[in-house]
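Student: I'm new to this one and would like a close look at a single part of it. Could you take me through the disulfides slowly, and then show me what lies around them?

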Amino acid sequence: MVNQFDTLLTQLGTGKWNFLYFIMSGYQYFMVPQHSYNAALMTPQLKYDCLLPDNNNSFHIDQNQCSYNMNDSSVSQHISCSSWMYDNSTFSSTITSEFNLVCNDAISRAYFTSFYMAGNFIGMPLAGILGDKIGRKKVVMGSVLIFILCGNLIYLLPNFTAILAIRFIMGLSKVPVCYILAMEVCEPKWRSTVGIFLSLPWAFGVMMLGAFGYLLRDWRDLQMAISLPLILLIPLVWILDESPRWLIVTGRHDEALKVLRRAARLNNSSLPSETELSTMMKQIQNETVEEKEDSKSKKSSMKICLKSTSAICSKWSLNKIFLITFIDFFVVSTVFYGLSLNGSSYSDDPYIYLIL
């Protein structure tokens with residue numbers, strides 16, 4: 001069956017109206033990775049030396065730089081280091097050095113990324129549900145405002161625990177709804193191409209992080225530099241229309257008509273007559289309602305679910321495709337994140353490393 005909404009998008013064509021969504025989504029994909037991978041420059045593994053008390057003649061530092069022995073009148077006492085001197089040849093200031101995330105607290109360096117990813121893990125499905133309930137644009141605007149606020153708050157915080165809490169909220173608000181919104185207004189014949197090109201800014205964003213880090217060696221300055229430009233997302237999202245598909249599906253046909261008229265005006269294209277357009281919108285809504293009802297009826301029976309699963313598992317060709325895809329995605333993601341987040345461990349110049 002022909003998708004009526006795709007037919008409508010084809011008639012609208014691709015023009016200024018669509019590019020507004022593409023620019024917004026691309027700019028967000030350019031800015032977000034600078035926060036996803038900034039742990040490589042903000043919580044790096046540093047070289048450090050244990051700072052001894054003033055009278056250091058009777059002290060001996062252990063090789064791990066985390067403790068020292070105090071020898072006094074034939075009495076030897078093992079004491080943990082409480083302060084350190086860091087190698088500032090690469091970074092002038094990092095979260096690692098400011099909050100002494102070394103020795104017993106070294107594992108806390110990983111929390112900087114883990115809390116962000118944990119928020120992302122929860123936020124992704126939550127955003128999808130909210131996007132269907134209250135609309136794509138509201139979710140995008142809400143998540144953008146939260147992300148901007150949190151990003152610009154981190155460099156003001158004096159407490160590492162507070163930074164972790166804000167990082168979790170940032171991860172929670174890093175949602176893909178902007179991409180969904182851009183895809184929903186994209187003309188069918190351009191979807192594959194646009195989908196690929198919208199992902200390219202992610203790579204440039206990581207490269208820009210390396211460039212900013214090279215120029216700004218203090219972690220607070222770097223956090224400010226990658227957070228302030230996020231403010232440009234607010235006007236970009238503000239001028240966008242709600243997804244006309246979502247408006248039609250939820251029965252808000254008058255609002256959808258206004259959006260479609262604006263799209264036709266910006267794209268210099270024409271729309272069907274109002275009567276024909278009204279009929280098309282009802283058909284689009286009915287198509288979605290029928291799909292949902294069909295889905296509900298299927299979900300009500302566990303037998304059908306189990307039958308579908310067993311049917312997939314019984315075909316080796318499908319199993320082979322699934323396993324290869326799963327392993328491929330797992331390995332690529334693990335290696336990519338592992339290499340990207342450990343620049344300071346693999347190279348003396350983490351800035352060039354990130355860019356490459």
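Tutor: Start with Cys66 and Cys103, which form a disulfide with their sulfur atoms 2.0 Å apart; the term stands for a pair of cysteine sulfur atoms within 2.5 Å. Keep in mind that this is a predicted model, where local features need pLDDT of at least 70 and side-chain atom pairs count only at pLDDT 80 or more, while totals for chains, interfaces and linings use all residues. Residues are numbered from 1 along each chain as its sequence is written, and side-chain values use heavy atoms, with hydrogens and water left out.

Now, where do the two ends of that link sit? Cys66 is in the loop between strand E2 (59–61) and strand E3 (67–72), and Cys103 is in the loop between H5 and helix H6 (108–134), so this pair links distant parts of the chain, 37 residues apart. Those helix and strand labels are DSSP runs numbered from the N terminus: helices are H or I runs of at least four residues, and strands are E runs of at least two. The link of Cys66 and Cys103 is left-handed, with -95° about the S-S bond. Cys66 has a relative accessible area of 18%, so it counts as buried. Buried here means under 20% relative accessible area, exposed means over 50%, and partly exposed is in between, using a 1.4 Å probe and protein chains only.

The structure holds two disulfides, and the other one joins Cys50 to Cys81, with 1.9 Å from S to S. Cys50 belongs to strand E1 (residues 48–50) and Cys81 to the loop between strand E4 (75–80) and E5, so this link ties together parts that are 31 residues apart in sequence. The link of Cys50 and Cys81 is left-handed, with -110° about the S-S bond. Cys50 and Cys81 are both buried. Count the bonded cysteines along the chain and you get the pattern 1-3, 2-4.

What about other cysteines? Cys178 has a relative accessible area of 1%, so it is buried. Cys186 counts as buried because its relative accessibility is 1%.

Let's go back to helix H5 (95–98) and the loop between strand E5 (84–86) and that helix, which is where you find Thr94. Thr94 is buried because its relative accessibility is 1%. A polar atom of the Thr94 side chain lies 3.0 Å from the backbone nitrogen of Ser97. Leaving aside residues up to four places away in sequence, Thr94 touches Leu41, Met42, Pro44, Leu46 and Trp219, where a contact means heavy atoms within 4.5 Å.

Side chains of opposite charge can pair when their charged atoms come close. The whole structure has eight salt bridges, each one a side-chain nitrogen of Lys or Arg within 4 Å of a carboxyl oxygen of Asp or Glu. One of them pairs Arg220 with Glu98, and the closest N and O atoms are 2.5 Å apart. Arg220 lies in helix H11 (residues 219–227) and Glu98 in helix H5, so the pair ties together parts that are 122 residues apart in sequence. Glu98 is partly exposed because its relative accessible area is 35%.

Another salt bridge brings together the side chains of Arg262 and Asp241, at 2.7 Å from N to O. Arg262 is in helix H14 (residues 253–267) and Asp241 in the loop between helix H12 (233–238) and helix H13 (244–249), so this pair ties together parts that are 21 residues apart in sequence. Arg262 is partly exposed at 24% relative accessible area, whereas Asp241 counts as buried at 14% relative accessibility.

Conventions. A polar contact is a pair of N or O atoms within 3.5 Å; within protein, one must be able to donate a hydrogen and the other to accept it, and residues adjacent in sequence count only if both atoms are side-chain atoms.
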